[in-house]
Each structure stands twice: as C-alpha cells, then as structure tokens.
Amino acid sequence: MPKKYYDPSDLKKFGNITEFQPEMGNKFFDWYGSVFEEGALTAREKSLIALAVAHAVQCPYCIDAYTDTCMKKGADEEQMMEAVHVAAAIKGGAVLVHGVQMMNQVKEKLM
C-alpha cells in the first residue's frame, strides 16, 4: 500500500519535533501547554477554538487531535460542528473581504 502524505500515525510523533532542535521545541511545548491551561476560557472552550482553527488552516492532524480532545472535554457533535461553521464563515468572509481589494484595483485602473 502506498504511503499517504498525511499518515495518521505521524500525529503520535509530534513530541519528536524537539529531536533536531531541542531548545526551540521545548520552548514551543512549554508555551503550547500554557496556552491550553484554564484561564479566562475553559479548557473545553479552548479545545473548540482549536478545532475550528484546525479546520481553517486545514491541518488533518489537528482536526483528529482536537476532535478527540473536544469529546474528552465534554463537547458534543452539535457544538463541534457549530465551531467548524464559525471557522468556515470567518474564512469565507476573509476571502470575500479581499474582493474589496480587487474592486479597488479595478476601479483605479478603469479611472
């Protein structure tokens, strides 16, 4: 069977990114861990945000990881899909608002 570009088993190797650059890798994981600690947002809320961002940046590893994390933190299917729709709306809006830049360029060139 041919190797897939995104191999699900690679997600388990995420911690190995410190292998070639321990100092920066360890700093990343320290910061990453701190980001997901309870604060003004609950761990569940942060996981839903992460799931939405994972879809917006189209990271299959992150989608798998944060789907699992959201479920473990008590989010249900409806909440997770709503988060995905929020990401889709923001990403779609970002594409469309850049249409204003195109419109400005067309108007500038036609005037």
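This is a predicted model: local features need pLDDT of at least 70, side-chain atom pairs count only at pLDDT 80 or more; totals for chains, interfaces and linings use all residues.
Helix α4 spans residues 77–110 and contains 34 residues. From its first C-alpha to its last, α4 reaches 49 Å, close to the 50 Å expected at 1.5 Å a residue. The N-terminal end of α4 is capped by aspartate 76, which places a side-chain oxygen 3.1 Å from the backbone nitrogen of glutamate 78. Buried residues of α4 are Met80, Ala83, Val84, Ala87 and Gly99. An α-helix has 3.6 residues a turn, so residues three or four places apart point the same way. The cover over the buried residues of α4 includes α2 (43–56) and α3 (60–72).

Aromatic pairs were searched for across the whole structure, and 10 were found. In one of them, the ring centres of phenylalanine 14 and phenylalanine 29 lie 5.1 Å apart with the planes at 70°, so the pair is edge-to-face. Because phenylalanine 14 belongs to the segment before α1 (22–35) and phenylalanine 29 to helix α1, this pair ties together parts that are 15 residues apart in sequence. Phenylalanine 29 also pairs with phenylalanine 28: the centres are 5.3 Å apart and the planes stand at 70°, so this pair is edge-to-face.

Phenylalanine 14 is partly exposed, with a relative accessible area of 34%. Phenylalanine 28 is partly exposed at 26%, and phenylalanine 29 is partly exposed at 25%.

Terms used
Residues are numbered from 1 along each chain as its sequence is written. Side-chain values use heavy atoms; hydrogens and water are left out. Helices (H or I, at least four residues) and strands (E, at least two) are DSSP runs, numbered from the N terminus. The expected span of a helix is 1.5 Å times one less than its number of residues. Buried means under 20% relative accessible area, exposed over 50%, partly exposed in between (1.4 Å probe, protein chains only). Contact means heavy atoms within 4.5 Å. A polar contact is a pair of N or O atoms within 3.5 Å; within protein, one must be able to donate a hydrogen and the other to accept it, and residues adjacent in sequence count only if both atoms are side-chain atoms. Rings of Phe, Tyr and Trp (its six-membered ring) pair if their centres lie within 6.5 Å; planes under 30 degrees apart count as stacked, over 60 as edge-to-face and the rest as tilted.
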